[in-house]
Each structure stands twice: as C-alpha cells, then as structure tokens.
Amino acid sequence: MTAATPISPIPVAPAGLTRRAKHFVEVEGIRVPQQGIGRHRNAWTEHGIPASEIDRATAFEDRWGGLALPPAPFYEGGPRILEADVPEGSAAEGWWIPAGDGRVSMAYGFMIGPGGEFGIHGSRWAPLHAGTDGWVESLALAAHARRWATTITRITGTAVDCLNLDGYEQVPEVQGLADTWWRGSDSLIALYRGEAIGLDAPQCLEAHVYGGLDEWGLQGG
C-alpha cells in the first residue's frame with residue numbers, strides 16, 4: 001500500500017484574488033489536512049439534503065477547506081479554519097453551509113448563505129460579503145492597513161453612523177454587504193455592521209479608521 005502524499009502546510013491561494021490577498025494567504029496562512037466531506041454525501045442525501053447543496057459545500061471545501069488565516073480584527077477573530085460542514089435549512093427558507101468554527105464560543109456561526117454570501121447567523125442572518133473571497137480580501141486589507149497606518153482609531157456604537165464618507169470610495173474587492181471598506185485620500189475605513197444585524201444589537205456597530213496612509217498603504221496590491 002502506498003502512503004498518501006502529504007499535504008503541504010504552505011497554501012496556494014485560489015485564483016481570482018488580488019495580489020495583496022494572494023500574498024496574505026500564501027505567507028500568513030497555513031493549510032491544515034482535512035478528511036473531506038465527500039464521505040458524508042450518501043448520509044446527507046438520505047437525510048434530505050439536496051445534491052445541489054452538497055455540491056456547493058464541496059465546492060467551498062475544494063477552494064477554501066483547511067485554510068487557517070490570522071485572526072480577523074472583529075468577530076472574535078473569525079473562523080479558526082475555513083471548512084465546510086453539513087448544510088442547514090430547508091427548501092422554503094434556503095440553505096446555509098457552516099464555514100468553520102469560531103475561535104471562541106459565540107452567539108453566532110460563520111456560514112455560507114443561499115446565494116454564496118459569507119456571513120454570520122445569530123438571531124438573524126447577516127451576510128458580510130458577497131462571497132468568501134471578499135472575507136479573505138478584507139482580512140488581507142486589514143493586515144496591510146495595520147502595517148502601514150500611522151494612526152488607527154476605533155469607533156463604536158451610534159458614533160459609527162456619524163462618520164463622514166464624503167470623498168471616499170468603496171473598496172470593491174471586499175465585496176461588501178453588511179461590512180464595507182472605504183478608501184479616501186490618506187485613509188481607509190472598515191465598517192463592521194454584521195454583529196449589529198445578526199444579533200439585533202446596534203451597540204455592536206464598529207468602525208476602524210486607518211490614517212496617515214501613502215499611496216502604497218492605500219492600495220498595496
């Protein structure tokens with residue numbers, strides 16, 4: 001019997017990411033061996049999970065499964081490892097796919113939504129980004145901004161709604177839905193609205209303002 005070829009812990013970034021995110025994944029990430037969810041296919045089918053949803057979970061696992069990234073600056077650090085699990089939902093409500101366990105015990109889970117969105121599900125569904133690529137892009141941008149900013153300001157609660165975004169443009173690669181990034185002349189602003197929506201808790205609004213950035217700091221790939 002031939003031993004299985006060991007999986008390298010150094011990940012190869014999926015196609016389609018920005019240069020910044022590709023570098024982040026390949027330099028800061030670690031690939032953890034996974035058993036794969038294919039072995040569960042028959043059992044899941046017998047329990048009424050549609051084949052199309054199992055295919056979605058498999059596609060997510062093929063692209064992101066086993067990837068461990070540095071902690072996110074919000075959401076208690078985000079998932080420990082990106083990994084798919086048994087889809088949850090119904091034909092009437094739609095189906096969600098668990099995207100990885102949190103680093104700590106939380107009142108919500110990280111999920112892939114019916115339309116492929118990456119988000120959290122607490123008392124309600126809060127899609128953070130239009131896809132998992134957007135989540136990874138946001139992590140990469142946050143790591144880059146922390147490295148190059150001369151000031152970092154944290155704003156919480158209702159003060160977030162008072163931020164003046166005149167002169168800022170939305171950063172497209174993060175595919176922002178509840179969470180968005182904004183680029184100005186010398187600063188980047190990350191708006192985190194997911195917990196406020198998912199937990200129905202406006203006090204959980206938060207924004208991080210990265211100031212004093214030059215052109216490289218604003219773009220960085």
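This is a predicted model: local features need pLDDT of at least 70, side-chain atom pairs count only at pLDDT 80 or more; totals for chains, interfaces and linings use all residues.

Student: Where is Ser-8 placed?
Tutor: Ser-8 is in the segment before α1. Residues are numbered from 1 along each chain as its sequence is written, and side-chain values use heavy atoms, with hydrogens and water left out.

Student: Ok. What does Ser-8 count as, by relative accessibility?
Tutor: Ser-8 counts as partly exposed, at 38% relative accessibility. Buried means under 20% relative accessible area, exposed means over 50%, and partly exposed is in between, with a 1.4 Å probe and protein chains only.

Student: Moving on to α1. Which residues are buried there?
Tutor: Helix α1 covers residues 19-28, and Arg-20, Ala-21, Phe-24 and Val-25 are buried in it. Seen down the axis of α1, these buried residues fall within an arc of 130 degrees, so they line one face of the helix. The arc is taken from the directions from the helix axis to the C-beta atoms.

Student: What about the other side of α1?
Tutor: Arg-19 and His-23 are exposed there.

Student: What do the buried ones pack against?
Tutor: The buried residues of α1 pack against β2 (67-68), α4 (132-148) and β10 (180-183). Contact here means heavy atoms within 4.5 Å.

Student: How do the axes of α1 and α4 cross?
Tutor: The axes come within 9 Å and cross at roughly 85 degrees. That makes α1 roughly perpendicular to α4. Angles of 65 to 115 degrees count as roughly perpendicular, under 35 as roughly parallel, over 145 as roughly antiparallel, and the rest as oblique. The axes are lines fitted to C-alpha atoms, for helices over the stretch in contact, and angles run from 0 to 180 degrees between N-to-C directions.

Student: Which residues of α1 make that contact?
Tutor: On the α1 side they are Arg-20, Ala-21, Phe-24, Val-25 and Glu-28. On the α4 side they include Val-136, Leu-139, Ala-140 and His-144.

Student: New topic. Where is Trp-64?
Tutor: Trp-64 is in helix α3, residues 51-64. Trp-64 is buried, with a relative accessible area of 2%.

Student: What does Trp-64 touch?
Tutor: Not counting residues up to four places away in sequence, Trp-64 touches Pro-14, Leu-17, Arg-31, Leu-82, Thr-132, Asp-133 and Val-136.

Student: What else is buried in α3?
Tutor: Besides Trp-64, Glu-53, Ile-54, Ala-57, Phe-60 and Glu-61 are buried. Seen down the axis of α3, the buried residues fall within an arc of 120 degrees, so they line one face of the helix. What covers them includes β1 (30-31), α2 (41-46) and α4.

Student: Which residue follows α3?
Tutor: Gly-66 follows α3, and its phi is positive, near 85 degrees.

Student: What about the phi of Tyr-75?
Tutor: Phi of Tyr-75 is near 60 degrees, a positive value in a residue other than glycine. Tyr-75 lies in the loop between β2 and β3 (88-90), and counts as buried at 1% relative accessibility.

Student: Last one: where does Gln-175 lie?
Tutor: Gln-175 lies in the loop between β9 (169-170) and β10. Gln-175 is partly exposed, with a relative accessible area of 28%. Among the residues Gln-175 touches are Leu-128, His-129 and Asp-133.

Conventions. Helices (H or I, at least four residues) and strands (E, at least two) are DSSP runs, numbered from the N terminus.
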